[in-house]
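These are my notebook entries on one protein structure. I set down each matter that I looked up and what I found.

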Amino acid sequence: MYMSIAQGLLIPFLGTVLGSACVFFMRRELSTELTKILSGFAAGVMVAASVWSLLIPAMEQSSKMGRMAFVPAVVGFMLGMLFLLFLDHVTPHMHLDQTVEGPKSKLKNTTMMVLAVTLHNIPEGMAVGVVYAGWVGGNANITAAGAFVLALGIAIQNFPEGAIISMPLHAQGASKKRAWIYGILSGIVEPIAGLITILLSGLIVPVLPYLLSFAAGAMIYVVVEELVPDMAEGGHSNVGTLAFMIGFSLMMALDVALG
């Protein structure tokens with residue numbers, strides 16, 4: 001059990017590490033088309049993970065409420081989105097394509113970018129932790145395979161996210177190694193948040209449906225606020241839409257087949 005939990009917590013972080021490492025092998029700057037593809041793919045994975053790995057299990061666990069089984073999912077989902085909205089208002093926030101001039105401004109720009117992505121990675125770590133806490137707590141609706149699929153899905157979407165972080169940082173003047181390290185640091189909060197969530201499983205299990213849907217709301221907020229604007233940059237984008245389709249279908253298939 002402990003090995004499965006450790007793997008589940010570290011897999012999403014590995015996705016960030018590998019994605020950030022793209023800075024060593026690709027051009028200095030991400031093309032607009034590639035940014036759209038990566039953002040669209042990540043968005044598709046996150047939407048599918050939010051629905052099949054978080055919202056549907058939340059409603060299944062509330063089935064005793066009958067026709068009102070949707071209430072925990074709705075409440076948690078809205079709270080998750082409002083929480084991320086609050087974070088965006090009280091912390092520096094910017095889209096990945098924003099740039100400012102001057103060496104000091106570049107440093108500030110780098111710090112703001114990493115801070116924004118780091119904060120948005122916390123709910124993803126919580127999502128993995130919540131699912132594993134439910135599995136450890138003996139919840140019949142959550143299996144080890146289902147928890148692993150969610151971790152794998154977040155790792156898949158973390159790969160392009162890591163590239164979207166490290167490569168623009170390199171384009172702004174940071175060395176490849178430094179850009180890679182910044183990308184890694186943006187993702188290290190995920191296993192930490194997941195571990196803390198599992199350690200608090202005694203408190204979490206009774207309100208698990210709310211927390212599952214809270215994580216879903218937070219993830220969907222990132223999709224709507226960050227990834228969709230990036231994939232639609234410059235107007236209508238077929239490549240971003242197709243990448244979304246592939247990411248969504250892949251995550252949905254994995255969750256249904258393995259979960």
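Before the first entry I note a term: a helix here is a DSSP run of at least four residues, and helices are numbered from the N terminus. I also note that the model is predicted.

Entry 1, overall fold. Among contacts with a separation of 6 or more, 85% join residues 24 or more positions apart.

I looked up Phe-244 and Phe-248, which form a stacked aromatic pair. Their ring centres are 6.2 Å apart, and the angle between the planes is 15°. Why are the two separated by about one helical turn? They are four residues apart in helix H10, so about one helical turn lies between them. Phe-244 has a relative accessible area of 26% and is partly exposed. Ring pairs also link Trp-52 with Phe-244 and Phe-248 into a cluster.

Which parts does the pair tie together? Phe-83 lies in helix H3 and Phe-214 in helix H9, so the pair ties together parts that are 131 residues apart in sequence. I then compared each accessibility with the cut-off for burial, which is under 20%. Phe-214, at 17% relative accessibility, counts as buried. Phe-83, at 33%, counts as partly exposed.

I asked which residues of the largest nonpolar core touch the most other members. The core has 45 residues, and those residues are Leu-54, Ala-127, Val-131, Tyr-132, Leu-150, Leu-212 and Met-219. Two or more residues each come from helices H1, H2, H3, H4, H5, H9 and H10. H9 gives the largest share, eleven residues. I also recorded a second, separate core of eleven residues, including Val-117, Ile-165, Leu-169 and Ala-179.

I followed Tyr-132 further. Leaving out residues up to four places away in sequence, Tyr-132 touches Ser-4, Ile-5, Gly-8, Ala-144, Ala-147, Phe-148 and Ile-198.

I looked up the accessible surface and found about 11900 Å², of which 72% belongs to carbon and sulfur atoms. A nonpolar patch of about 1000 Å² is part of my record; its residues include Met-59, Met-65, Phe-70, Leu-82, Val-207 and Tyr-210. Which helix gives the largest share of this patch? Helix H3, residues 70-90, supplies seven residues. Leu-82 is found in H3.

Definitions and conventions. Residues numbered from 1 in each chain as written. Predicted model: local features only at pLDDT ≥ 70, side-chain atom pairs only at ≥ 80, totals over all residues. Heavy atoms only, no water. Contact = heavy atoms within 4.5 Å. Areas by Shrake-Rupley, 256 points an atom, 1.4 Å probe, with all protein chains shown as cover. Patch = residues over 30% accessible without salt bridge, like charges linked within 9 Å, V, L, I, M, F, W, Y side chains within 5 Å. Salt bridge = Lys/Arg side-chain N within 4 Å of Asp/Glu carboxyl O. Core = buried A, V, L, I, M, F, W, Y, C linked by side-chain atoms within 4.5 Å. Buried < 20%, exposed > 50% of the residue type's maximum accessible area, 1.4 Å probe, protein only. Phe/Tyr/Trp six-rings, centres within 6.5 Å; stacked < 30°, edge-to-face > 60°.
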